[in-house]
Amino acid sequence: MTADTTDDIIRDIKAELRAAMNGVAAARIRQSGMPYKLVFGVETPRLQEIAREFEPSHALAMRLWQENIRECRILATMLHPVDEFYPELADLWVEQLDKSDVEVAQQLVFNIIARTDYAAEKAFCWMAAEQPMLQLCGFLTIGNLLRKDVQLSDDAIEEFLDQARSVQQSDWLPLRKAVQNAMTYYEFRPKQ
């Protein structure tokens, strides 16, 4: 994909976002403290429709991620090929998230990270981190894996439970909810 083609696609995407803009939702999102220079307030189902119009591409997803626009970042998670989303890139994108980026973190984990071969490895690294956003992404990832009935070793389950206990009383609500959801998936998973 050439730079001109990518620029044209980005322009097309932004035109679609403007056409789908929801002013009330955009104002509410901005008031919640999201750190983006621009918010269109486009809901996830419409973003999924827009994503289906474009060919998944590493180059396009990288450009969308760098736009610092809420909808562009979510679209980046929808348009990045999973097999080209290497562990180093996962670390980079997660580290670039602000604590107010919970929605983008959820989309990133659901659309890409939980579908990678290294998802469990990253989940355990992030759960053990000191930074709340990394912990959030770790628990979101392990929750997605447990929801999909991915089999974990007894040692991995024990580590997950230890990490969950250590942050269960966090004062950050999104992290507590991610832990609770992961625990629910753990408790209701089919027994081995």
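**Figure 1. Residue types in the lining of the largest pocket of this predicted model.** The lining divides into eleven nonpolar, four polar and two charged residues. Here Ala, Val, Leu, Ile, Met, Phe, Trp, Tyr, Cys and Pro count as nonpolar, Asp, Glu, Lys and Arg as charged, and the others, Gly among them, as polar. The model is predicted: local features need pLDDT of at least 70, side-chain atom pairs count only at pLDDT 80 or more, and totals for chains, interfaces and linings use all residues. Numbering starts from 1 along each chain as its sequence is written, and side-chain values use heavy atoms, with hydrogens and water left out.

Figure 2. Helices are DSSP runs (H or I, at least four residues), numbered from the N terminus. Helix α11 gives the most to the lining, with seven residues.

**Figure 3. The cover over helix α7.** Seven of the ten α7 residues are buried, so this helix is mostly covered. Buried means under 20% relative accessible area, exposed over 50%, and partly exposed in between (1.4 Å probe, protein chains only). The buried residues are Val102, Val104, Ala105, Gln107, Leu108, Val109 and Asn111. Their cover includes α3 (44-52), α4 (58-66), α5 (70-79), α6 (87-95), α9 and α11. Contact, here and below, means heavy atoms within 4.5 Å.

**Figure 4. Thr44 in helix α3.** Thr44 touches Met78, Glu103 and Gln107, not counting residues up to four places away in sequence. Gln107 is also one of the buried residues of α7. Ile74 lies 30 residues from Thr44 in sequence, and their C-alpha atoms are 8.4 Å apart in space.

**Figure 5. Packing of helix α10 against helix α11.** Helix α10 covers residues 154-167, and helix α11 covers residues 173-187. The two pack at an angle of about 145°, with their axes 10 Å apart. Axes are lines fitted to C-alpha atoms over the stretch in contact, and angles run from 0 to 180 degrees between N-to-C directions. From α10, the contact uses Ile157, Phe160, Leu161, Ala164 and Val167. From α11, the partners are Leu175, Val179, Ala182, Met183 and Tyr186. These contact residues divide into ten nonpolar, no polar and no charged.

**Figure 6. Ser170 in the loop between α10 and α11.** Ser170 is buried, with a relative accessible area of 16%. Leaving aside neighbours within four places in sequence, Ser170 is in contact with Leu175 and Arg176. Leu175 also belongs to the contact of α11 with α10.

**Figure 7. Gln135 in helix α9.** The relative accessible area of Gln135 is 11%, so this residue counts as buried. Its contacts, apart from neighbours within four places in sequence, are Trp126, Met127, Ala129, Glu130, Val167 and Leu175. Both Val167 and Leu175 take part in the packing of α10 with α11. Cys125 is ten residues from Gln135 along the chain, with 8.6 Å between their C-alpha atoms.

**Figure 8. Ala90 in helix α6.** Ala90 is buried, at a relative accessible area of 0%. Beyond its neighbours within four places in sequence, Ala90 is in contact with Phe85, Ile113, Tyr118 and Trp126. Trp126 is in contact with Gln135 as well.

**Figure 9. Positive phi at Asn68 and Asp149.** Most residues other than glycine have a negative phi. Asn68 is not a glycine, yet its phi is positive, at about 55°. Asn68 lies in the loop between α4 and α5 and is partly exposed, with a relative accessible area of 29%. Asp149 is not a glycine either, and has a positive phi of about 60°. Asp149 sits in the loop between α9 and α10. Its relative accessibility is 37%, so Asp149 counts as partly exposed.
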